[in-house]
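Here is a short tour for someone meeting this structure for the first time. Keep the sequence and the 3D view open while reading.

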Amino acid sequence: LTTVAESSRRPASPLLAILLAAIVLLSAVRTDTQSVRSVAAIVCDFEFTSPTLMPVSGSLGGIVIDDRCEHAYITNTTANRVEDLSLKTMTLGQPISVGAGPKGLDLRPGTNLLYVANATGGSISVVDLSQHAEVRRITSPPSTNLPESPNSIAIANNGLALYATEIHGSNGGALFQLELSTEQVTRRTEYFVGDTTRLKASRERNVLGIVIGGNSGGQVIRYDAATATFRHRYLGRFLSQINLDRRGVQLITVPGAYALDAAMNLAGTVPHSNTTINVWGGSEIAPNGRIGYRSLGSKIDVMDLRTFLKTGELSIGDTTSSFNGIDALGMMDLSDDGRVLAVISDHGISMVRTRSDAFTDTLVAGTTPIRAVHITELRDRINGLRTLYGLAESAWTEPSLTGAFVKAVHVAELRAALQQAYDAASVTPPTFTDQLQQSATPIKALHVKELRNAVLALEAN
Amino acid sequence: MKKGLLAAAMIVAVATCPRTVATQSATATCSLGFSSPLFVPITGTLGSVVIDDACQNVYLTNNTWNRVERISLQTLTLGTPIQVGSLPVGLDLRPGTNLLYVANSGGNNISVVDIAQGIELRKIITPTQDFNTDCPFFIAIANNGLALVSTDSIGSTGGSVIQLDLNTEVAALRPDRPFILGFDGIRLRAAADRSAIAIALTSLSPSSVFRYSAVSNTFGAERRLDNSVSDIAASRTGSRLFPAGYQAEVLDANLNVLGRYGESSEGSVAVSPDGSLGYRSRPSAIDVVSLQTFAKIGQLAVGDTLTWQFPYWVGQMAISGDGRLIAVMTDHGVSLVATGYTGN
């Protein structure tokens with residue numbers, strides 16, 4: 001018999017050494033690949049009564065919510081400015097003057113820069129949000145002899161933005177590429193576009209979606225940032241907006257609510273049940289691609305994008321009755337965590353919570369006592385996430401907490417169970433306050449609140 | 001029509017129509033333990049209906065709720081529905097398997113359903129032409145391992161017929177289709193022995209029909225009809241075709257017109273296994289038509305109304321392998337109707 005100790009003393013042959021080295025190298029590469037993790041969404045944890053209408057005067061052209069869920073920025077086309085809605089205080093701040101007729105806008109991740117398509121000004125405004133001011137304008141070259149202006153823009157993660165123009169006095173337009181570092185503009189000639197073409201980036205900005213406006217062909221285009229290439233599909237009807245999930249895998253367009261997959265196959269359709277009211281307008285899609293939203297008069301339809309059925313309605317507290325297929329009424333943006341919709345309505349901006357996933361009690365440090373229900377509902381939600389990511393449900397100390405005191409062990413095992421779900425989802429796990437020591441660490445509102453936000457963030461993944 | 005007259009007409013019809021294939025396999029006999037018609041209410045717009053070969057279950061697509069409804073013919077109750085793809089319309093069973101194929105008109109895909117487990121197993125992506133979005137509407141399974149699927153193009157009048165290889169699950173356009181592309185509303189119906197598929201271009205006026213032969217894997221020559229038709233049905237071996245619309249024509253296997261049944265009505269059709277009788281849905285009943293004399297010889301009550309309106313699916317029916325049972329989609333669900341047929 002050869003013992004392990006004997007075997008380990010044997011000098012390795014050169015061939016074996018090379019093989020072992022290769023295995024080690026491959027293992028290292030594999031580990032690197034496995035360690036690529038996405039970052040969980042920042043949770044919109046501000047409080048408001050849904051829906052809340054924020055009155056804004058003027059014709060609004062586009063809306064975005066920033067990745068930190070602190071502000072919504074809205075172009076005011078008639079006032080030539082960007083409105084700044086603070087989500088923490090739910091108040092409108094000082095507006096930012098930009099070019100003429102601003103419509104589409106997009107934020108450049110990792111910077112303080114906001115890019116605004118000036119739809120009558122022939123330019124793109126670059127706004128520094130930290131200075132709260134337009135810092136320069138990028139002139140958009142014309143594609144014809146007629147006056148022409150940008151009207152929609154989306155920023156990809158490859159250093160490029162794409163924007164569409166409208167040619168004044170016609171229903172045509174063109175597609176352009178903006179190199180963000182040099183601010184050089186180049187016309188993309190792959191597609192002819194209509195005057196109401198709209199673009200939207202996936203949350204990871206690896207994919208841009210484009211709907212060609214003003215055209216009954218219903219052309220939908222998917223731009224892949226990694227390869228800088230396009231792929232398209234015709235849906236055979238006028239379309240008004242396009243949206244993508246976090247990774248650009250699922251894409252929806254309205255009216256009609258057509259859901260397309262990454263290969264641009266039509267996965268399903270959610271027809272309007274009531275076509276007597278305005279079916280034009282905006283749409284959104286949850287970051288995980290499972291839920292879609294579309295504006296419908298004074299409501300938003302909620303759609304299950306796995307069964308392609310309408311599952312509910314959300315009131316917006318206002319109307320979108322005057323939408324005519326060209327303006328932006330009904331257009332909406334969804335927060336990065338998928339919990340808050342900002343909708344352009346007849347009289348301003350409607351802020352809408354997308355789901356009733358509220359936890360029991362708004363926790364206030366030093367005021368709200370921590371109760372068993374706070375732990376049990378976290379257990380349910382964390383086990384739901386574990387199931388979603390292929391893990392077994394966690395077993396808990398004291399499965400029934402009726403009449404029990406909340407202890408450090410309860411919170412510690414919630415953290416551990418959630419950490420495993422984050423690992424399974426390949427998402428960077430959250431950090432928590434305090435190393436919880438058995439019966440030594442008092443459970444605070446902060447501990448529970450951190451867990452709640454971590455659950456919400458992964459639910460939005 | 002009086003029962004006696006109907007029975008007599010059927011006896012004559014059966015007596016004058018010899019069995020088409022003497023060696024065909026035995027067909028399961030439907031045990032009709034109900035008082036006909038039996039109306040089963042179902043919520044939603046139904047797309048198509050089939051009865052399984054064992055006469056155990058009726059399957060229907062529910063276009064509103066994106067699911068397949070199942071009615072047990074033993075318990076005469078609706079079972080748990082099976083969730084499928086978006087806006088399902090056509091469906092067909094693959095003989096000798098537990099597999100049901102569903103044409104999802106809200107996407108370019110077909111659901112493969114395991115009816116034993118009662119679940120959708122997977123979706124098969126179907127091809128589209130020139131970046132258009134062609135969605136499956138009707139499907140018919142042949143006995144050569146292939147299914148034919150008709151598609152409609154969203155937002156246009158385009159459409160086509162594609163072939164699905166049931167073993168590899170590869171779907172592809174049929175390059176040898178005998179008709180030009182661009183017709184939507186192509187109806188397909190397999191003969192019960194799956195040796196032939198009847199094809200009707202329903203959006204063409206007057207309509208054209210074709211017969212696909214499974215043994216040669218070819219389409220026969222076109223037959224242009226006198227009128228537009230809304231549906232087509234075939235006898236067990238595909239030796240009789242019965243396309244119907246404002247007028248119904250009776251065709252043989254070579255698509256020769258044998259006769260016409262001229263009572264004006266829109267609706268859907270079925271044919272008895274031996275090809276002696278045709279069934280045609282009317283606003284509140286099913287006409288029984290002799291396919292030898294081309295005359296109406298009776299009427300079957302359905303227990304509900306059949307309103308012929310867009311999308312023209314109400315009135316569609318499936319006939320059991322033994323010809324004794326018809327399941328017809330009505331305004332409010334489905335009716336199970338005993339035909340009184342006693343032939344083979």
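The report below takes the topics one by one.

## What kind of model this is

This is a predicted model. The values below are computed from it.

## Chain B in outline

Chain B has 344 residues, and 58% of them are buried. Its secondary structure comprises 1 helix and 30 strands. The chain exposes about 12,600 Å². Carbon and sulfur atoms supply 52% of that area.

Contacts can also be sorted by distance along the sequence. Take the contacts in chain B between residues at least 6 apart. Of these, 47% join residues at least 24 apart.

## A disulfide in chain A

A search of the whole structure finds 2 disulfides over all chains. One of them joins Cys44(A) to Cys69(A), with an S to S distance of 1.7 Å. The angle about the S-S bond is 105°, and the link is right-handed. Cys44(A) lies in the loop between helix 2 (14–34) and strand 1 (52–55) of chain A, while Cys69(A) lies in the loop between strand 2 (60–65) and strand 3 (71–76), so the pair ties together parts that are 25 residues apart in sequence.

Are these two cysteines buried or exposed? Buried means under 20% relative accessible area. Cys44(A) has 1%, so it is buried. Cys69(A) has 3%, so it too counts as buried.

## A disulfide in chain B

Cys30(B) and Cys55(B) are also joined by a disulfide, with 1.8 Å from S to S. This link is right-handed, with 100° about the S-S bond. The pair links distant parts of the chain, 25 residues apart. Cys30(B) sits in the loop between helix 1 (3–16) and strand 1 (38–41) of chain B. Cys55(B) sits in the loop between strand 2 (46–51) and strand 3 (57–62) of chain B.

Cys30(B) counts as buried, at 1% relative accessibility. Cys55(B) is buried, with a relative accessible area of 4%. Another cysteine, Cys135(B), counts as buried at 1%.

## Strand 16 of chain A

How many of the 5 residues of strand 16 are buried? The count is 5 of the 5 in this strand (residues 207–211) of chain A, so the strand is largely enclosed by the rest of the structure. In a regular strand, side chains alternate between the two faces of the sheet. Both faces of strand 16 are covered. Val207(A), Gly209(A) and Val211(A) are buried on one side. Leu208(A) and Ile210(A) are buried on the other.

Strand 16 of chain A pairs with strand 15 (residues 198–201) in the antiparallel sense, over 4 bridges. Within this pairing, Ala201(A) has Leu208(A) as its bridge partner.

In chain A, 4 strands form an open sheet in the order 7-8-9-10, with antiparallel pairing. Strand 7 (102–107) and strand 10 (133–139) stand at the edges, each with a single partner strand, so one side of each is left without a neighbour in the sheet. The twist averages 25° from one strand to the next.

Strand 8 (residues 113–118) and strand 9 (residues 123–128) of chain A run antiparallel and are joined by 6 bridges. Leu114(A) stands opposite Val127(A) in strand 9.

Strand 24 (residues 291–296) and strand 25 (residues 299–304) of chain A pair in the antiparallel sense over 6 bridges. In strand 25, Asp301(A) is the bridge partner of Arg294(A).

Conventions:
Residues are numbered from 1 along each chain as its sequence is written. Chains are lettered from A and ligands numbered from 1 in the order in which they are written. This is a predicted model: local features need pLDDT of at least 70, side-chain atom pairs count only at pLDDT 80 or more; totals for chains, interfaces and linings use all residues. Side-chain values use heavy atoms; hydrogens and water are left out. Buried means under 20% relative accessible area, exposed over 50%, partly exposed in between (1.4 Å probe, protein chains only). Helices (H or I, at least four residues) and strands (E, at least two) are DSSP runs, numbered from the N terminus. Two strands pair if DSSP finds at least two bridges between them. A disulfide is a pair of cysteine sulfur atoms within 2.5 Å. Axes are lines fitted to C-alpha atoms, for helices over the stretch in contact, and angles run from 0 to 180 degrees between N-to-C directions. Contact means heavy atoms within 4.5 Å. Accessible areas come from the Shrake-Rupley method with a 1.4 Å probe; for residues, only the protein chains shown count as cover.
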